[in-house]
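Hi,

Here is the structure you were waiting for.

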Amino acid sequence: MKNYIIVLLVVLLSSCKNENSNNRKTDLETNPKTLTADDIISKSIAVSGGKRFEKSSLKFEFRDVYYQALRKNHEFLLVRVLVNDKDSIFDMLSNVGFERYHNDAFVKLEDSIANVYSASVNSVHYFSVLPYGLNDEAVNKTLLGSEHIKNKDYHKIKVTFDESGGGEDHEDIFVYWVNKDTFKVDYLAYSYEEISGIGMRFREAYNERYVNGLRFVDYNNYKSETTAIPLENLGKAFEDNQLQLLSKIDLENIKVDLVNN
């Protein structure tokens with residue numbers, strides 16, 4: 001498996017090239033009055049980079065940890081590198097599974113531990129390229145209607161995942177607020193399982209920038225003081241200043257190369 005991942009890494013990196021980053025328009029011409037959840041997400045993906053995500057090499061740092069994502073057609077390799085003095089831990093998640101290496105040595109892990117590490121790697125990469133991935137087969141989207149936040153109008157969409165193909169955290173539930181004018185995701189909320197029960201977070205996007213045609217944002221990460229507020233109502237709670245700022249999610253040193261066919 002190590003050889004397969006190395007070959008995949010070499011093939012993807014060797015075919016990287018820069019492309020024009022100014023073409024961000026979508027060919028989807030749908031009457032706004034009849035937009036479905038699928039239509040809205042498709043338009044959001046298009047204005048955020050569209051098919052560029054499917055053939056890209058991304059590099060960035062998050063909280064002093066190095067990440068790289070290589071995607072080409074239906075193949076992917078998601079990497080996390082933790083460096084401590086002269087030691088390095090390489091976590092690699094690909095189509096063929098998860099592997100960990102300590103420097104050059106393969107680390108054999110119990111399945112339960114490997115699943116935890118895999119979910120952790122996938123989570124950072126998942127949030128880094130939203131809304132890319134929300135048209136996958138395992139994703140279920142429901143239009144909850146409209147909502148007004150900070151003087152702007154939003155489509156509100158609920159997202160759940162099938163157990164098959166939905167990953168280790170398939171029971172997580174998301175809500176996305178998609179700007180009706182720009183079709184960009186400005187806010188999102190999600191629920192997740194934790195030892196004490198169900199946790200919830202609300203994120204506010206800021207510091208938008210396009211790198212080689214792909215949209216990236218950072219987030220203000222909020223929590224609610226009570227679990228009595230339903231996930232779908234966290235947007236209103238944010239509008240009413242009922243959420244507490246917990247942390248900031250900032251991506252640094254982002255680099256993007258686009259990959260040949």
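F127, S128, L130, R215, F216, V217 and Y219 line the largest cavity (a cavity is a set of points on a 1 Å grid over the protein atoms alone where a 1.4 Å probe fits but cannot get out; lining residues have an atom within 4 Å of a point). The elements giving two or more residues to that lining are α3 (111-128) and β13 (214-224), with β13 supplying the largest share, four residues. Helices (H or I, at least four residues) and strands (E, at least two) are DSSP runs, numbered from the N terminus. The volume is about 40 Å³, taken as the space filled by probe spheres set on the points, which are joined across faces, edges and corners.

Bear in mind that this is a predicted model: local features need pLDDT of at least 70, side-chain atom pairs count only at pLDDT 80 or more, and totals for chains, interfaces and linings use all residues. Residues are numbered from 1 along each chain as its sequence is written, and side-chain values use heavy atoms, with hydrogens and water left out.

Back in helix α3 you'll find S118. S118 counts as buried because its relative accessibility is 15% (buried means under 20% relative accessible area, with a 1.4 Å probe and protein chains only). Leaving aside neighbours within four places in sequence, S118 is in contact with L93 and F98 (contact means heavy atoms within 4.5 Å).

Y126, not counting residues up to four places away in sequence, touches L134, F161, F174 and Y176.

Cheers

Notes. On a 1 Å grid over the protein atoms alone, a cavity is a set of points where a 1.4 Å probe fits but cannot get out, and a pocket is an open set with protein on both sides within 12 Å along at least five of seven lines; lining residues have an atom within 4 Å of a point. Buried means under 20% relative accessible area, exposed over 50%, partly exposed in between (1.4 Å probe, protein chains only).
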